[in-house]
Amino acid sequence: MYGQSLARFIIGIVGNVISLLLFLSPAPTCLRIWRNRTTEEFHPYLFLASVLNCMFWVFYGLPVVHPDSILVISINSAGLILELIYLIIFFCYTTNGNRAIIFGILIVELILLGIVAVITLLCFHSHASRSMFVGIICVVCGIIMYASPLSVIGQVIKSQDAEFMPFWVCLAGFSNGIVWFIYAFLKSFDPYIAVGNGLGAAFGLFQLSVYAYYTYMGKRSVSVESEVKHCEIV
């Protein structure tokens, strides 16, 4: 029992570190946007999904919902701040159409959080029932966040180029999902952590596979085109 508790503690610390890296992973993309003064073909859905996920996990960790969850509140508060910074940078350099999408979705997310908060506090009167209700919603939000890089899959397949697929986000999401999935089985099984992060790891693996395939195919295509041009010149 002590060994499982120690393993759970260590995996939990590792999970928090990787979660922070997950929240930091969009930084290279935002730095590129800031330097180029344009969002190019990048999408805002990853940032919007992450904001939604962090807001609900912060609410989940409050003492009125799930006591003794300071790590949940701290890591997701840090993630929320970072994602809002990324969103502000994206908002400044994107098109008016994307600005309208960002503003509209943020309003919907805030309204949704408010509705869930009212239902939680008025309709559920124990920590167990509140944790279950908000926990299920957090699982759904986590799946949406993990799946958000898939928004560019169609563009990647069409262009045969993975340039605008956020590699570091996909890698961090896969690693984060694996670690928290393992954590869910230590000491006592936690279905909320297991389901959300298990699916997150699967999404991350699929995204990395797509990235690797089209990165290789893109380089191969460039190589073939160069050989053809060389032959034409000769």
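Q: How close do the axes of helix H5 (residues 96-123) and helix H6 (127-147) come, and at what angle do they cross?
A: In this predicted model, the axes of H5 and H6 come within 9 Å and cross at roughly 160°. Axes here are lines fitted to C-alpha atoms, for helices over the stretch in contact, with angles from 0 to 180 degrees between N-to-C directions. Helices are DSSP runs (H or I, at least four residues; strands are E, at least two), numbered from the N terminus.

Q: What makes H5 and H6 roughly antiparallel?
A: Set the angle of roughly 160° against the cut-offs: under 35 degrees is roughly parallel, over 145 roughly antiparallel, 65 to 115 roughly perpendicular, and the rest oblique. H5 and H6 are therefore roughly antiparallel to each other. Their crossing is also right-handed, a word used when the near helix is turned clockwise from the far one by less than a right angle (anticlockwise is left-handed).

Q: Which residues bring H5 and H6 into contact?
A: On the H5 side they are Val116, Ile119, Thr120 and Leu121, and they meet Arg130, Phe133, Val134 and Ile137 of H6. Contact means heavy atoms within 4.5 Å. By class, this contact has six nonpolar residues, one polar and one charged. Nonpolar covers Ala, Val, Leu, Ile, Met, Phe, Trp, Tyr, Cys and Pro; charged covers Asp, Glu, Lys and Arg; the others, Gly among them, are polar.

Q: Which residues join H4 to H5, and at what angle do the axes cross?
A: The axes of H4 and H5 cross at roughly 145° and come within 8 Å. H4 brings Leu87, Phe90, Phe91, Cys92 and Tyr93, while H5 brings Asn98, Arg99, Ile102 and Leu106. Seven of these residues are nonpolar, one is polar and one is charged.

Q: What makes a space a cavity, and how many of 30 Å³ or more are there?
A: On a 1 Å grid over the protein atoms alone, a cavity is a set of points where a 1.4 Å probe fits but cannot get out, whereas a pocket is an open set with protein on both sides within 12 Å along at least five of seven lines; lining residues have an atom within 4 Å of a point. Points are joined across faces, edges and corners, and the volume is the space filled by probe spheres set on them. Two cavities of 30 Å³ or more are found here. The largest has about 130 Å³ of space, and of its 13 lining residues, Phe42, His43, Leu46, Phe164 and Pro166 are the closest to its centre.

Q: What classes of residue line the largest cavity?
A: Its lining has nine nonpolar and four polar residues, and no charged ones. The second largest cavity, of about 110 Å³, has 17 lining residues, with Leu22, Met145, Tyr146, Val169 and Gly173 closest to its centre. H8 (167-183) is among the elements lining it and gives the largest share, four residues.

Q: Which residues lie nearest the centre of the largest pocket?
A: Trp57, Val72, Trp180, Tyr183 and Ile193 do, out of 35 lining residues. The pocket holds about 880 Å³ of space, and H1 gives the most to its lining, with nine residues. By class, the lining has 20 nonpolar, twelve polar and three charged residues.

Q: How are residues numbered, and which ones count?
A: Numbering starts from 1 along each chain as its sequence is written. In this predicted model, local features need pLDDT of at least 70 and side-chain atom pairs pLDDT 80 or more, while totals for chains, interfaces and linings use all residues, and side-chain values use heavy atoms, leaving out hydrogens and water.
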